[in-house]
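This text walks through one structure, step by step. Please look over the sequence and the model before reading on.

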Amino acid sequence: MTEEQHQITLIQWADALASQHPELALLYHVPNGGYRARRTAGRMKAAGLRRGCPDLCLPVARHGFH
C-alpha cells in the first residue's frame, strides 16, 4: 500500500469509530506533499507550509497536554 492508501484507510477507520470515540472526528489530513506549481508552492510556503510536518493531525489533549 502507498502512504496515501494507508491514510485513506486510517481516516475511514476513524470515521467508522467516531460515534464510539468522538475525538476521532477531529482527525484530519494536512496536505503537505504532492506536486504543486511553483506559484502555488510559493504561496503555500509563505502561508506557513513547512517540511517535515506530520500528514495527519489529531488535536486531542491527554493528561493536560496536546
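Leaving out residues up to four places away in sequence, Ala14 touches Leu24 and Leu27. The model in which this contact is seen is a predicted one. Ala14 is part of helix 1, and with a relative accessible area of 1% it is buried, because buried means under 20%. Ala14 and Leu24 are 10 residues apart along the chain, and their C-alpha atoms are separated by 5.5 Å.

Another residue of helix 1 is Gln7. Gln7 also counts as buried, at 14% relative accessibility. Its contacts, when neighbours within four places in sequence are set aside, are His29, Asp55 and Leu56. With one of these residues, His29, the side chain of Gln7 makes a polar contact of 3.2 Å.

Gln7 leads on to a pocket. Gln7, His29, Asp55 and Leu56 are among the residues that line the second largest pocket, and the lining also includes Glu3, Glu4, Ile8 and Ile11.

Rolling a probe the size of a water molecule over the atoms shows where empty space is left. The largest pocket has a volume of about 260 Å³. Its lining is made up of Asn32, Gly34, Arg36, Ala41, Lys45, Leu49, Arg50, Arg51, Gly52 and Cys53. Sorted by class, these lining residues are 3 nonpolar, 3 polar and 4 charged.

Two of the residues in that lining, Ala41 and Lys45, have numbers that fall within helix 2, which covers residues 38-46. Is helix 2 largely in the open or largely buried? Of its 9 residues, the number buried is 0, so helix 2 lies largely in the open. Just after helix 2 comes Gly48, where phi is positive, at about 120 degrees.

A positive phi also occurs at His63, a residue other than glycine, with a value near 55 degrees. His63 is placed in the segment after strand 2. With a relative accessible area of 78%, His63 is exposed, because exposed means over 50%.

Side chains of opposite charge can pair when their charged atoms come close. How many salt bridges does the structure hold? The number is 1. This salt bridge joins the side chains of Arg62 and Glu23, at 3.4 Å from N to O. Arg62 is partly exposed, at 48% relative accessibility. Glu23 is partly exposed as well, with a relative accessible area of 26%.

Methods. Residues are numbered from 1 along each chain as its sequence is written. This is a predicted model: local features need pLDDT of at least 70, side-chain atom pairs count only at pLDDT 80 or more; totals for chains, interfaces and linings use all residues. Side-chain values use heavy atoms; hydrogens and water are left out. Buried means under 20% relative accessible area, exposed over 50%, partly exposed in between (1.4 Å probe, protein chains only). Helices (H or I, at least four residues) and strands (E, at least two) are DSSP runs, numbered from the N terminus. On a 1 Å grid over the protein atoms alone, a cavity is a set of points where a 1.4 Å probe fits but cannot get out, and a pocket is an open set with protein on both sides within 12 Å along at least five of seven lines; lining residues have an atom within 4 Å of a point. Grid points are joined across faces, edges and corners, and a volume is the space filled by probe spheres set on the points. Ala, Val, Leu, Ile, Met, Phe, Trp, Tyr, Cys and Pro count as nonpolar, Asp, Glu, Lys and Arg as charged, and the others, Gly among them, as polar. A salt bridge is a side-chain nitrogen of Lys or Arg within 4 Å of a carboxyl oxygen of Asp or Glu. A polar contact is a pair of N or O atoms within 3.5 Å; within protein, one must be able to donate a hydrogen and the other to accept it, and residues adjacent in sequence count only if both atoms are side-chain atoms. Contact means heavy atoms within 4.5 Å.
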